[in-house]
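Colleague: I should like to learn how to read a structure of this kind. Could we go through it together, feature by feature?

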Amino acid sequence: MRATEVLAAAIVAAAAAFAAAPAPAHAQPADVPAQIKLLETQPADMDRATWKDKRRDAARKLAQSRDRRATAVLIKLAETETFDIIGEIAIEGLGNLGDPAGAPVLQKIIADPSRDKSQKDLARKALAKLGDARPAPTPPAAPTAPPSPPTGPTSPTTPTTPTSSTAGSTQGAGPPSGTPRAATRAAPEPPPGRAAPPEPGPVADGLLGAGPSSDVPGAAALPAVPDDALAAYERITFAGGTANLGYDTARKRVAFDADVAGHYQKRIERETMAWGMDVGAHVVAGYINPDGPAVTRGLQLDVTASGEARFYSGRVYGIGKAAGAAQANYVSDVDPGNPDNTLKDTRFTADLQIAIGGGYGRVLDVGAAIRVRRLARTLEAAHALGKPIDPSTARRLQLTWWALRGERSGYRALVATVAILREAGVLLGEPDAGLSYELLNALRDSQLFLRPSGLDLQLVFGEGYLQRPDQPMANESGRVEQVLASAAYGAQVDDDKLELSGGGYARLRLFAPDNTPAPWALGASARMRRFAYGEHGDPLGALDVSADLQISDDDLMNSQIGQRLTGQLGFTLWLNQASGVRLAASVGEDRGALFIGAELTATYGLLDGTFAR
Amino acid sequence: MTGRFAIAVLCAGWASACGAGDDTTEGTRAECAQGGALTDCPDAQRTSAGACWRLVDCGAISIKSDNENRFTWGRCVDGIDGFSADRQRLVINCIAASTCDELRVGGSPRNPNPNDMHCLRFGGP
């Protein structure tokens with residue numbers, strides 16, 4: 001009986017061990033036709049974005065299947081899907097399949113000058129796996145045809161829309177093509193209707209000089225942004241402000257004033273988590289000492305810090321926030337004529353607060369992505385776009401600009417941008433003077449900062465302690481609980497030339513002690529900005545229209561519920577380098593009080609025409 | 001008008017108005033008027049009108065009053081505009097950098113004493 005039990009246990013253990021053993025890298029045979037079908041046909045009940053993801057998964061599974069029925073499909077993908085990551089999956093998969101039938105297409109990819117270096121490297125590795133590690137054939141001297149347009153879907157995250165560089169076509173907000181300049185480029189003359197890319201790679205020499213690769217920051221110099229980051233930013237404003245010092249013997253008066261602020265913000269948005277921090281300091285100082293005993297001196301120091309972390313599940317998130325602030329004021333004002341009017345006052349306030357809650361969605365600053373799109377449109381208009389800018393190249397460009405933001409001039413940013421675009425096979429040939437100017441305009445465009453995109457709704461409960469002076473008695477002091485709601489929206493439409501944005505907030509104090517006010521406030525805003533560009537990417541002006549509504553109640557005895565509605569209009573148009581029109585107008589109404597303001601500035605002239613021998 | 005004289009005029013106006021019943025428009029609070037550091041607070045415009053709007057937004061002063069001696073938005077703008085340039089910069093910068101709780105004084109917003117407002121005293125004569 002005991003022997004039987006031991007034997008049974010051994011059989012069970014063996015069966016369990018067999019079941020737990022790694023399965024061989026063979027897919028289920030029945031899966032192969034299904035995966036091939038999924039690759040070739042979009043299911044009716046599946047949206048396009050989901051299908052793209054499923055296709056990539058199917059390609060991976062086929063590559064692991066070692067089933068030679070997959071060879072033809074992967075060959076087709078490797079040949080045609082030059083803009084989507086699925087093409088690279090197929091190249092790698094041909095090596096894993098081990099079918100010698102895949103060797104010719106891998107050799108063809110290695111020899112194709114229009115292919116990315118990464119794709120060629122993958123093809124070499126795949127070829128080596130097939131046991132054919134022969135050197136790749138030398139590329140033909142004559143320009144070859146450009147990569148075939150993708151027959152399948154392109155990457156959903158590809159930031160550029162154009163997929164071909166058909167002569168005369170313009171897409172988007174970039175400068176219009178004007179006169180086609182392809183013939184003026186150093187690039188080989190393309191066949192009619194098609195642009196023939198030269199071999200991409202480091203720029204040797206040309207308009208931008210030799211050896212620009214030294215101006216491209218290496219990987220170590222790029223900011224550390226996680227691979228799965230949706231967006232990130234770091235903003236530093238150090239010692240921004242003004243300071244004035246004056247003395248004159250006529251009045252024997254010394255006057256000094258300074259307003260200096262430093263600010264640091266950082267934020268990283270990832271699929272499942274986001275965090276941000278904001279630290280700032282502000283100093284206002286003054287000293288005025290006229291002739292005589294009167295003297296005034298003052299110092300105001302403000303320090304703030306806040307941070308938040310979000311954890312996402314799909315579009316819904318939970319959020320935790322913390323904020324702290326401290327402000328110290330010192331004012332001494334000696335009135336020599338009236339000692340009773342002399343003031344010496346020191347005040348200190350401090351806030352320490354936390355909040356937790358939840359929300360939906362997120363708003364990202366997509367300014368850098370828009371700049372990438374503008375580059376692509378500029379290249380396409382100049383018939384110099386070899387292929388769309390893929391996500392990895394877009395990422396490299398943006399991180400390079402980030403790394404070079406401290407440069408005094410835009411030279412390195414331009415040279416690095418050209419080198420990266422050339423290396424990726426995006427830029428065909430060396431840019432001439434006209435294209436270089438347009439690229440520089442795109443890089444320097446200050447209208448591409450703070451461009452929001454997305455929707456964010458949030459509701460949090462806050463608890464905190466507010467330290468306030470005893471006199472005058474503050475409406476809120478000590479423990480303060482509150483509920484805060486906020487909304488933000490941003491959209492960049494019409495090829496990024498039109499921005500629609502808005503926001504809202506609501507705030508209510510909770511659990512206020514007896515005889516203590518529970519103020520509330522809410523508001524909403526909407527804004528539209530239209531940007532205009534000239535033929536070569538010069539910013540021509542902008543139209544800015546906004547409206548704000550605010551409602552509040554201090555909840556004090558005899559206090560009023562306030563409601564304010566304001567609207568602003570701003571319009572700037574540069575007619576030429578010395579002429580422009582600026583119209584600014586605003587109107588506001590606050591409980592019957594009406595405020596209207598308008599300003600029109602118009603100048604017309606030309607830059608000086610000069611000559612000297 | 002020197003800064004000290006301007007303040008004296010403002011204070012005299014406040015003193016004569018103290019306790020008077022009147023029709024006052026307090027104005028509407030901005031998002032950061034209460035609630036501490038958790039609430040967002042946009043920068044004030046560095047102009048006399050912008051600084052005085054911040055005082056209204058924070059509940060430090062009212063917009064208008066039928067009592068002309070009250071320290072309202074209009075008197076605030078006129079007062080700051082009457083300061084010398086250096087004093088004007090200091091007052092405006094001080095208001096822009098202050099929290100709302102720092103800007104409110106006794107009697108705010110309907111009947112504040114400008115002599116208690118440290119930012120208005122900041123620039124000196």
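Modeller: Let us begin with confidence: pLDDT is the predictor's confidence in each residue, on a scale from 0 to 100. The structure shown is a predicted model. Chain A averages a pLDDT of 80, and 81% of its residues score at least 70.

Colleague: Where in chain A is confidence lowest, and where is it highest?

Modeller: The lowest mean, 48, belongs to helix α1 (residues 2–20) of chain A, whereas β7(A) has the highest, at 96. Across residues 12–29 of chain A the pLDDT is below 50, and this stretch makes 10 contacts in the model beyond near neighbours in sequence. Residues 133–205 of chain A also stay under 50, with 176 contacts beyond four places in sequence.

Colleague: How should such regions be read?

Modeller: Where pLDDT is low, the predicted coordinates should not be read in detail.

Colleague: Which strands pair with β7(A), and in what sense?

Modeller: Strand pairing is read from the bridges between two strands. Strand β6 (residues 343–365) of chain A pairs with β7 (residues 452–467) of chain A in the antiparallel sense, over 16 bridges. One of the bridges joins Q353(A) to G464(A) in β7(A). Strand β8 (residues 478–493) of chain A is likewise antiparallel to β7(A), over 13 bridges. Here D456(A) has A488(A), in β8(A), as its bridge partner.

Colleague: How many residues does each chain give to the contact between chain A and chain B?

Modeller: Chain A supplies 64 residues and chain B 37 residues. On the side of chain A that touches chain B, strand β5 (residues 316–334) of chain A gives the most, with eight residues. By class, that side of chain A has 21 nonpolar, 26 polar and 17 charged residues.

Methods: Residues numbered from 1 in each chain as written. Chains lettered and ligands numbered in written order. Predicted model: local features only at pLDDT ≥ 70, side-chain atom pairs only at ≥ 80, totals over all residues. Contact = placed C-beta atoms within 7 Å. Helix = DSSP H or I, 4+ residues; strand = E, 2+ residues; numbered from the N terminus. Nonpolar A, V, L, I, M, F, W, Y, C, P; charged D, E, K, R; others polar.
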